[in-house]
Amino acid sequence: MHAAVIGATGYTGMLLLRLLDAHPDVSEISAVSSSKPGEPISSEDPGFGSPTVKFSASKGRFITVGEAASRRPDVVFSALPHLASASICAPFFGTSVVIDLSADFRIKDRAVFEQAYGQQPPRPDLLDQAVYGLAEWHTSAIKKADLIANPGCYTTCSLLPLLPLYRKGIIRGRAIINALSGISGAGKKADLKYSLTERAESVWLYSPGRSHRHSQEIEAELGLEAPGTRIVFNPHLVPMKRGMEATIVVDLAPGRTLADAEAAWNESYESRPFARYVGSRVPSSSEVWGSNRCDWSAAELDGSLILSSVLDNLVKGASGQAVQNMNLRFGFAETAGLSIANTF
Ligand SMILES: NC(=O)c1ccc[n+]([C@@H]2O[C@H](COP(=O)([O-])OP(=O)(O)OC[C@H]3O[C@@H](n4cnc5c(N)ncnc54)[C@H](OP(=O)(O)O)[C@@H]3O)[C@@H](O)[C@H]2O)c1
């Protein structure tokens, strides 16, 4: 299995290189970089100072998109920004399985995409064949997909607990999602508002209500189970590098209880290693650091549920779920190359 990573110097790209290097079913890796072609991978990550045999075809160096395309990888991970990803991946559509970590193929409705990203989807011709890569939810479609739209981090953290409950009519109405993210969620680019002096000792609600792009993505997926479902989504940046927590408050449908929710989660995720309802004990984001798990707790209060969902934004929220999707697509063990325990 030959895997290529495009945008390999970014946060999710570098993590993909490490995950794939440790993956038992991957034998060759092409690390593609637009900014560092020809430079050693160790110039970005000293951990690759002695690159493994998986990088030997490219002599342990970053290569260009053209070079990677000529090697015809089996799978391509695009760790590029939205609106750049779809066009840069063009040489691989139809020849490799493409797993896109950007938003370019996540939203099928063109008007909704334009509302979120300010322009039409870059490759509307491919939207019908793109499968939304929420690994535990669209498993059978992912197993057959040649284009997988890996979900956003806030989206995964919110959808995994909510989807089974909307599907079974256990909850109703809008969900209020107050979420906290580590700064790496914004990527590696330099920007004053993500600098240590701006973010240390500070919490920032940066796109309240429905103004963050992930709110459209969350509503699009919830709407497939409960049409018209709206959310209030309040994302905050908090002074940590990695990690995410979403506190979700949503009303139970008449006559429904927490026990119904527990039964729905059990039914949906019983055999799935990375989506776990942990009971009433509220998890902290550090418990899932470095792992591919999303854990959540639940409590019932006055006819509502209060959920607390945690994941590592770079792992289950991005690169880990992308590898999980590769595992599903190519028939590998779902856990291959991924950690269930945290990596403290
Ligand atoms: N960070 C997260 O927690 C997270 C979670 C879920 C999804 N995502 C999504 O995953 C994707 C990558 O995120 P990231 O956090 O890894 O971003 P990042 O750290 O900013 O890295 C993106 C990389 O893409 C390449 N790149 C940037 N602009 C480019 C352009 N205009 N043309 C070509 N290449 C360009 C660069 O790599 P080279 O110089 O090597 O080409 C850059 O290092 C984004 O779409 C993001 O929304 C991120």
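Ser 181 stands opposite Leu 237 of strand β9, in a model that is predicted: local features need pLDDT of at least 70, side-chain atom pairs count only at pLDDT 80 or more, and totals for chains, interfaces and linings use all residues. Residues are numbered from 1 along each chain as its sequence is written, and side-chain values use heavy atoms, with hydrogens and water left out.

Staying with β9, its pairing with β7 is parallel and runs over 7 bridges. Strands here are DSSP E runs of at least two residues and helices are H or I runs of at least four, numbered from the N terminus; two strands count as paired if DSSP finds at least two bridges between them. Strand β8 (residues 204–205) also joins β9, this time antiparallel and through 2 bridges, with Leu 205 opposite His 236. As for burial (buried is under 20% relative accessible area, exposed over 50%, partly exposed in between, with a 1.4 Å probe and protein chains only), 7 of the 7 residues of β9 are buried, so the strand is largely enclosed by the rest of the structure. Ile 231, Phe 233, Pro 235 and Leu 237 point one way, while Val 232, Asn 234 and His 236 point the other.

Not counting residues up to four places away in sequence, Trp 265 touches Pro 161, Pro 164, Leu 165, Leu 258, Glu 270, Tyr 277, Trp 296, Ala 298 and Leu 307.

Over in β12 sits Asp 295, which is buried, at a relative accessible area of 0%. The side chain of Asp 295 makes a polar contact of 2.8 Å with that of Arg 293. Such a contact is a pair of N or O atoms within 3.5 Å; within protein, one must be able to donate a hydrogen and the other to accept it, and residues adjacent in sequence count only if both atoms are side-chain atoms. Leaving aside neighbours within four places in sequence, Asp 295 also meets Arg 276, Val 278, Pro 283, Val 288, Ser 308, Ser 309 and Val 310.

Then there is the open sheet, whose 6 strands pair in parallel in the order β2-β1-β3-β4-β6-β5. The edges are β2 (28–32) and β5 (131–132); each has a single partner strand, so one side of each is left without a neighbour in the sheet. Strand β1 (residues 2–6) runs parallel to β2 and is joined to β2 by 5 bridges, one of which pairs His 2 with Glu 28. Within β4 (residues 97–100) lies Val 98, buried at a relative accessible area of 1%. Val 98 touches Val 76, Cys 89, Phe 92, Phe 93, Asp 146, Leu 147 and Ile 148, not counting residues up to four places away in sequence.

Definitions and conventions: Contact means heavy atoms within 4.5 Å.
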